[in-house]
Amino acid sequence: MEKKYKTLKDFFPFYLEEHSHPFNRALHFVGSSLALGCILGFIATGKWFILGMALVSGYFFAWIGHFFVEKNRPATFTYPFYSFLSDWIMYFKMLTGRIDVEFAKIKSK
């Protein structure tokens with residue numbers, strides 16, 4: 001039976017384990033960066049279709065990483081809200097060079 005996570009703090013270590021391969025994380029980073037670019041494009045132009053492009057680009061790269069690199073099921077399917085928040089936490093940790101610290105925490109447990 002799958003564990004039910006009640007808090008983001010409890011969920012995040014599981015999320016990281018589902019993103020253990022560096023190439024999967026790189027694909028997530030590319031997709032999230034493109035999504036941010038699309039959001040900025042929407043703000044600049046007001047064209048609504050660009051928001052759809054943000055969603056597609058973000059999930060396209062992430063799901064490639066899960067299905068073909070990690071060979072696991074994206075956490076988004078079971079925990080959409082926690083997964084969305086964790087995507088951005090992981091993005092920030094990668095951007096600031098702190099992702100290895102997070103993996104060290106879960107390995108030490």
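Which residues lie nearest the centre of the largest pocket? Ala-35, Gly-58, Tyr-59, Phe-84 and Trp-88 do, out of 14 lining residues.

Ground rules, quickly. This is a predicted model: local features need pLDDT of at least 70, side-chain atom pairs count only at pLDDT 80 or more, and totals for chains, interfaces and linings use all residues. Residues are numbered from 1 along each chain as its sequence is written, and side-chain values use heavy atoms, with hydrogens and water left out.

Now the terms. We work on a 1 Å grid over the protein atoms alone, and a pocket is an open set of points where a 1.4 Å probe fits, with protein on both sides within 12 Å along at least five of seven lines. A lining residue has an atom within 4 Å of a point. Volume is the space filled by probe spheres set on the points, which are joined across faces, edges and corners. Helices are DSSP runs of H or I, at least four residues, numbered from the N terminus.

Back to the largest pocket. It holds about 220 Å³ of space. Helix 2 (22–45), helix 3 (49–70) and helix 4 (80–95) each supply at least two lining residues. Helix 3 has the largest share, with 6. By class, the lining has 9 nonpolar, 4 polar and 1 charged. Here Ala, Val, Leu, Ile, Met, Phe, Trp, Tyr, Cys and Pro are nonpolar, Asp, Glu, Lys and Arg are charged, and the others, Gly among them, are polar.

Two of those helices also pair up. The axes of helix 2 and helix 3 come within 7 Å and cross at roughly 175°. Axes are lines fitted to C-alpha atoms over the stretch in contact, with angles from 0 to 180 degrees between N-to-C directions. The pair is therefore roughly antiparallel, a label for angles over 145 degrees. Their contact has 16 nonpolar, 9 polar and 1 charged residues.

Next, the second largest pocket. About 180 Å³ of space lies there. Its lining includes Leu-8, Phe-12, Glu-102 and Lys-109. Helix 1 (8–17) and helix 5 (99–107) each supply at least two residues. Helix 1 has the largest share, 6. The classes are 5 nonpolar, no polar and 5 charged.

Last, the largest nonpolar core. A core joins buried Ala, Val, Leu, Ile, Met, Phe, Trp, Tyr and Cys residues through side-chain atoms within 4.5 Å; buried means under 20% relative accessible area with a 1.4 Å probe, protein chains only. Of its 13 residues, Tyr-5, Phe-11, Tyr-15 and Leu-16 touch the most other members. Helix 1, helix 4 and helix 5 each give two or more. Helix 1 gives the most, 5 residues.

Definitions and conventions. Angles under 35 degrees count as roughly parallel, over 145 as roughly antiparallel, 65 to 115 as roughly perpendicular and the rest as oblique. Buried means under 20% relative accessible area, exposed over 50%, partly exposed in between (1.4 Å probe, protein chains only).
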